[in-house]
Amino acid sequence: MAVKKTLAAHATAILEREAEALKTAIGHVGQLLQDQDRKLEDVERDLVTLEAEIQAQDTRLETLKQQIKAQEAELASKDLLFSTEYEARSNYYREVAEAPLSEGARSILAVLNRESRTGIIVYPNAVHWEPLQRPQHLLIEFSRMGYLCFFCDPGQEPAIREVEDGLYLVARQEDLLQALQTFHVLVLNTYLMQNSWIEHLPHRTVWYDVLDRVDFFSYFDRMMLAKHYQVLHEADIVTYSARKLSEYVGERQDAVYLPNASRISDFQFSAGEKPEAPADLAPILRAKKRILGYYGAIEEWFDTDLVNELAERMQAEVVLIGHCGLDPDRFNAHVHLLGAKPYAELKQYAAYFDALLIPFVVNTLTNAVSPVKFFEYCAVGKPIISTPIAEVLPFAGPGITFVNAEEPYELTAEMWNLTPDARRHLAQIAEDNQWNSRASSVTALMETQPSCWPIYANRLNTPHIGVFTATFFDYEGGNYYTGGAERYLVDLHEVCEELGYRMDVYQYGNYAWYRKYKQIDVYSLGHEDLDMKAFTFANIEAFNRRYIQIAQNNSVLNLYSAFFQAFPQAAHPSIGISHGVAWDNPACQFSDGESFWRHNERFIRGAEQVQSMVSVDTNTANWFQTVSFEIGRRMQTIPNYVDPSIFFPVAKQDDGKIRIVYPRRLYEARGLYITLAIVDEILERYPNTEFHFVGKGFEEDVARIREAAERWPGRVFCYHRDPDDMHLVYKEADIVLIPTLYSEGTSLSCLEACATGNTVIATRVGGLTDIIIDGFNGRLIDPDSSSLRAAVVECLDNRELRLTLGRNAYEVSKAFNKAVWKERWKRVIRQMLGKSGDAGTERATSRSRPQPLEIRLGPKAKPEAWRNEALHALRQGREVFVRGTQANGGAASFGRLQWISEETQLYFQPDVMEFG
């Protein structure tokens, strides 16, 4: 019994403890529930606060929008709305065009240099790629016709994407702007703000396509209207999409009416094929009612009352596809907004539509619109219900019903079923209005206008070695300079050819001319807004930048002649060439380190930019070692050269005359004026002497020589010889003067004079000290007229000295053999190409190029005859030079199309066709 009592007591104690624990737990749960309730109350209060904040932010945002609208209205009232925004964008794009190449630009350049197509067409930022509209359709057709097309769409990814063969979407038009700086492009311009980007394309043909009333666009004010008339006046091609827009293009009698169109294949299915209904359309189909369909923008020009009325009267469901800018509550329950759809899916929806709508309010805006959807509806081949807008009315006929909410209209049951006549009518409209025919019309228009031809004249992009120099021809492309630096490049071209590479030269110029010297292509980097009429650092940097843009993905090796053309940037792989210290001129008067740096920064920084340096003399390397030991240390010296098979001694004619020859550029730096200073005295003192000034120069310098010739008829001569004929000049000479004052390397003239056994008198300037040892193989004098006079007198008085100096000069010239020079250069080029990984790059030589064509126009030349030949040649990839009074001015030239005057000399032999 006691045990039972103990057990019962123990059990009671356990139950009491458990009850107490349960009571405690219930208390905790209650506390937790109270805490949770408090938290929920806190969350509810936070939500209320957040909703209030959001509402306040929405209110502030709406207020801000209203303020912006008010500010825009005020700016518009003062005609400052458009111009303020336009100038801001233009300044931004100017900075973009002048900035270093972006990675995106390099990617686009890779496409440009890879694709070989008829021409380049671009459409700047205005609308997104989807939904497809007129500009997109036109670019699709042009790409199918062989053009390379770029459509700028800031919303697309990746940065560049090919949507069709030859048609690319570009995310950043800034990248495209940089990439197109050296190409000529056709720009499709439909939105006036696009011109803030377009005007920074140096080479452009502008196609102004007027699509809407100017007052329809945002930023409209009188300045926008003024910009419209400016673009209208300047555009190469003008088209307009609706007849009512003719009021905006009246000043251009050549403006072409170009309505919208369709691409029939985009809206057809194979026979018997019907696609599965789109998922968001299926619930609507289950209502078993007829469907009125529409696709396109749903904006303020959309007649919502009419749409609601049609749904009610026709007992139909209305399906609207596209971005909606209206309040959805304006539509009744039978109107379904499905949002925007990709263009490729539209026909899947249209397959289930019973009729198609164009429910536009009829007003001045919509009467000036050519609806793309109308022609696409015709291609679909189903009944069309449209308001009577001006561009649809001319197509009235079976299958098309006009309605207007403001006027009585009748809709019969027969409308749903197309008669054979209605089907034919719609099909004929679609057939007569296709995008490919629109693109063909524009192409035909371009072919009749030579101002548009540069789009066919972009250079053919093939791997080559590029040379950037200041001058090869003069800035107008008319006169080939025959100085040492130019002759050096001619011989360097031989080296590149022997290695299997074409070498092209790029230089400063006043417009985009192109010339050939023998087999060397020479391109001016100038354009309408960049020339050398003023020598400024801004111009120098602009030309430097343009060379880099051309070299990108195009040049396997870049030669800078002279090396300081690489300032401020260089394209790589790169070799800088020093033709001697060219900065030792009279401006070298420095009072402090800052003035020294300002004068020499370009030379020092240019040397730093290139990966390798070749100098024609030791003077350059020694100078650099005093300012940058590293640059001096890595500089290779490859002295200038002479070809002993062309320049060699011959027996002088014994006619009693002594010919003193100055075979240099006719200007001060080469010692022209210290030579002229001694002419009178020498000719007076030595009756058997003659002075021969052989070279080219500016008119004011040549005039001074003519004055001397007039004083000494038959004894002072001034003429020019082609470099290939200069050996004849040296072989008739007795004393050759190389009286350089500054800017000299190992002079080719000096070496050629030595190789022909002449007595050489040279100044101790630049690299001349690498050639002449004073008193052994010539006289090395101070750069002044008194020293020159003394040396000439000494040589005239001492025939034996002349002969000795001439013999030794010939012997020394053997150390400067051209064959050795060429082999050393080949080693340098092979080494650089090996380092860059381009040693195996496909090579292109001038021998693989089609022959250039010269078209000579007489006064009776018929445009239709010669223009066809010119266009045909351009499409073959040939260079075309049009000469004659009917030719455009030279400034209209670009790339492979050059307009030249009757007087322009060509330094090669093209094929020739004559007209009239």
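Which residue with positive phi follows helix 4? Helix 4 is followed by Gly146, whose phi is positive, near 105°. The structure is a predicted model, in which local features need pLDDT of at least 70 and side-chain atom pairs count only at pLDDT 80 or more, while totals for chains, interfaces and linings use all residues. Residues are numbered from 1 along each chain as its sequence is written, and side-chain values use heavy atoms, with hydrogens and water left out.

Helices and strands are DSSP runs numbered from the N terminus (helices H or I, at least four residues; strands E, at least two). Helix 4 spans residues 134-144 and is mostly covered. Ten of its eleven residues are buried, where buried means under 20% relative accessible area, exposed over 50%, and partly exposed in between (1.4 Å probe, protein chains only). Among the buried residues of helix 4 are Arg134, His137, Glu141 and Phe142.

A helix pair comes next. Two packed helices are described by the angle between their axes and the distance between the axes. Axes are lines fitted to C-alpha atoms, for helices over the stretch in contact, and angles run from 0 to 180 degrees between N-to-C directions. Helix 2 (residues 81-98) packs with helix 7 (residues 222-234) at an angle of about 60°. Their axes are 6 Å apart. Helix 2 contributes Phe82, Ser83 and Tyr86, which meet Met223, Met224 and Lys227 of helix 7; contact means heavy atoms within 4.5 Å. Four of these contact residues are nonpolar, one is polar and one is charged. In this scheme Ala, Val, Leu, Ile, Met, Phe, Trp, Tyr, Cys and Pro count as nonpolar, Asp, Glu, Lys and Arg as charged, and the others, Gly among them, as polar.

Strand 6 (residues 204-210) contains Thr205. Six of the seven residues of strand 6 are buried, so the strand is largely enclosed by the rest of the structure. Thr205 counts as buried because its relative accessibility is 0%. The side chains of Thr205 and His184 are joined by a polar contact of 2.8 Å. Such a contact is a pair of N or O atoms within 3.5 Å; within protein, one must be able to donate a hydrogen and the other to accept it, and residues adjacent in sequence count only if both atoms are side-chain atoms. Leaving aside residues up to four places away in sequence, Thr205 touches several residues, including Val185, Asp236, Cys452 and Ile455.

Strand 6 also has two parallel partners described here. Two strands pair if DSSP finds at least two bridges between them. Strand 5 (residues 185-189) and strand 6 run parallel, joined by five bridges. Val185 has Arg204 of strand 6 as its bridge partner. Strand 6 pairs with strand 7 (residues 237-240) in the parallel sense over four bridges. Asp209 stands opposite Thr239 in strand 7. From strand 6 the chain crosses through helix 7 to strand 7, and this β-α-β crossover is right-handed. Right-handed means that, with the strands pointing away from the viewer, the path from the first strand over the helix to the second runs clockwise.

An open sheet of six strands has the order 11-10-9-12-13-14, with parallel pairing. Its edge strands are strand 11 (335-339) and strand 14 (400-402), each pairing on one side only. The twist averages 25° from one strand to the next. Strand 9 (residues 291-295) is joined to strand 10 (residues 317-321) by five bridges, with Gly293 partnered by Val319. Helix 12 (residues 372-380) packs on the sheet and touches strand 9, strand 12 (355-358), strand 13 (384-386) and strand 14. The direction of helix 12 makes about 170° with that of strand 12.

Strand 12 is covered on both faces. Ala355 and Leu357 are buried on one side, Leu356 and Ile358 on the other. Two bridges link strand 12 to strand 9, and Leu292 stands opposite Ala355. Three bridges link strand 12 to strand 13, and Leu357 stands opposite Ile385. Strand 12, helix 12 and strand 13 form a right-handed β-α-β unit.

An open sheet of four strands, also with parallel pairing, has the order 31-30-29-32. Strand 31 (897-900) and strand 32 (911-915) each have a single partner strand, so one side of each is left without a neighbour in the sheet. Here the twist averages 20° from one strand to the next. Five bridges pair strand 29 (residues 853-857) with strand 32 in the parallel sense. Ile855 has Met913 as its bridge partner in strand 32. Helix 27 (residues 863-875) lies across strands 29, 30 (880-884), 31 and 32, running at about 165° to strand 29.
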